[in-house]
Amino acid sequence: MTEIKTRKVLDQITPYALGQTLEQIKETYQLDKVIKMSDNESVYGCSPHVEKTLSNELQSLFLYPNGIPEKLIKKLSTLYNVHPDHFIIGNGSEEIIRLLARAYISRDDEAIMADITFPRYETNVLLEGGKTVKVPLKHGVHDLTRMYEAISSMTKMIFICNPNNPTGTVVDQTELLEFIEKIPSHILIVLDEAYYEYVKSDPLQSVTLLNERKNLIILRTFSKIYGLAALRVGYGMMQPSVVEALHKVKDVFNVNQLAQIAATAAITDQTFIDHVTEKNRIEVEFMMDQLIGAGIHCYPSETNFVFAYSNHLLVERLLRRGIMVRKIPLQGYEEAFRVTVGTREENEVFIQAVKQLLNEKVVQ
Ligand SMILES: *Cc1c(COP(=O)(O)O)cnc(C)c1O
């Protein structure tokens, strides 16, 4: 049988590294308990308001969801004081990244991004026939000077992941503001703020820039601090003309009804979010102190994860003990990984394991 050929561009695409599931790890290593510190999920779950509203919705599963989640948009509009026509809701903010590429990237258009950042920017740009221009991070932080210098006549989009996944760092507020102000208006600036609520330093109030900067797009999500990763809801804030363009390329019923209901309930409970922010802040500090104390380098994190790097091989050995972290290649070091910060109990188990492994002779 002749092989059916895919589009040529798929040769360049690597599927997202999903890693093994909890069940697979338990089976492979014969473990009873596994601690998942690999996907930046929130250990604090979601607001208690969510469960109640979801159970009320279960009688209506035969109905299609709203094509545009108006109730959720209204809540977001009130929270941010931004007109509802500036919002689009996605099946995760990942979908909005895809819609942006679909609507705006033509063959050979260029998108500038950091070399170590969220991999979905690159995948979606390549799928549309675009090209990626990757600018190395500087000490784990977006290098805005070099990103600006990378602009060419083909540049269509610039991705700034702030805080950056996987390094956890934020760019300096003043530098970011200056950067946004000098980018030519025909280039879209995609500011991915998936971890915005975790930021402890004074972050750039990006939402207030939406009116003057027509090329600015802000992405946020319910998957991280809101603890609703399973349901897939993210949102973008942007000019109504961009929203209209994205509506042309999105699936009709892209956000399922339970997701809409859950996100709408979650957004009203900002007390819960403040509570999680505070708890997380204490734990991130604990993790960084402990890792640095053990001789492992870390970038300063303003998220719910820590990027650690050293010349020790730990990831595989942690896994054998039932602790999952995300390995990430970093030039100049034997091993780097991203560890999602858990509860104090989980963090202590992790730190204890790291310390013990550092004292062991490595027998791979
Ligand atoms: C998790 C994450 C997203 C996507 O989250 P969704 O679950 O698709 O909303 C987007 N950007 C970054 C940087 C992330 O870490």
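Ala, Val, Leu, Ile, Met, Phe, Trp, Tyr, Cys and Pro are counted here as nonpolar, Asp, Glu, Lys and Arg as charged, and the others, Gly among them, as polar. By these classes, the shell around the ligand in this predicted model holds 4 nonpolar, 5 polar and 4 charged residues. The shell comprises 13 residues. Ser93, Asp192, Thr221, Ser223 and Lys224 come nearest to the ligand. The ligand sits in the second largest pocket.

A polar side-chain atom of Ser223 lies 2.5 Å from a ligand oxygen atom. For Tyr195, a side-chain N or O atom is 2.7 Å from an oxygen atom of the ligand. For Asn165, the corresponding distance to a ligand oxygen atom is 2.8 Å. Taken alone, the ligand exposes 380 Å². The protein buries 94% of that area.

Aromatic pairing was examined next. A pair of aromatic rings is described by the distance of the centres and the angle of the planes. A search of the whole structure finds 13 aromatic pairs. One of them joins Phe118 and Tyr121. Their centres are 5.7 Å apart, with 70° between the planes. This pair is edge-to-face, because planes over 60 degrees apart count as such. Phe118 and Tyr121 are both buried.

Tyr195 also takes part in an aromatic pair, with Phe305 as its partner. The centres of Tyr195 and Phe305 are 5.0 Å apart. The angle between their planes is 75°, and the pair is edge-to-face.

Conventions:
Residues are numbered from 1 along each chain as its sequence is written. This is a predicted model: local features need pLDDT of at least 70, side-chain atom pairs count only at pLDDT 80 or more; totals for chains, interfaces and linings use all residues. Side-chain values use heavy atoms; hydrogens and water are left out. A residue is near a molecule or strand if one of its heavy atoms lies within 4 Å of it. A polar contact is a pair of N or O atoms within 3.5 Å; within protein, one must be able to donate a hydrogen and the other to accept it, and residues adjacent in sequence count only if both atoms are side-chain atoms. Accessible areas come from the Shrake-Rupley method with a 1.4 Å probe; for residues, only the protein chains shown count as cover. On a 1 Å grid over the protein atoms alone, a cavity is a set of points where a 1.4 Å probe fits but cannot get out, and a pocket is an open set with protein on both sides within 12 Å along at least five of seven lines; lining residues have an atom within 4 Å of a point. A molecule sits in a cavity or pocket if more than half of its atoms lie within 2 Å of its grid points. Rings of Phe, Tyr and Trp (its six-membered ring) pair if their centres lie within 6.5 Å; planes under 30 degrees apart count as stacked, over 60 as edge-to-face and the rest as tilted. Buried means under 20% relative accessible area, exposed over 50%, partly exposed in between (1.4 Å probe, protein chains only).
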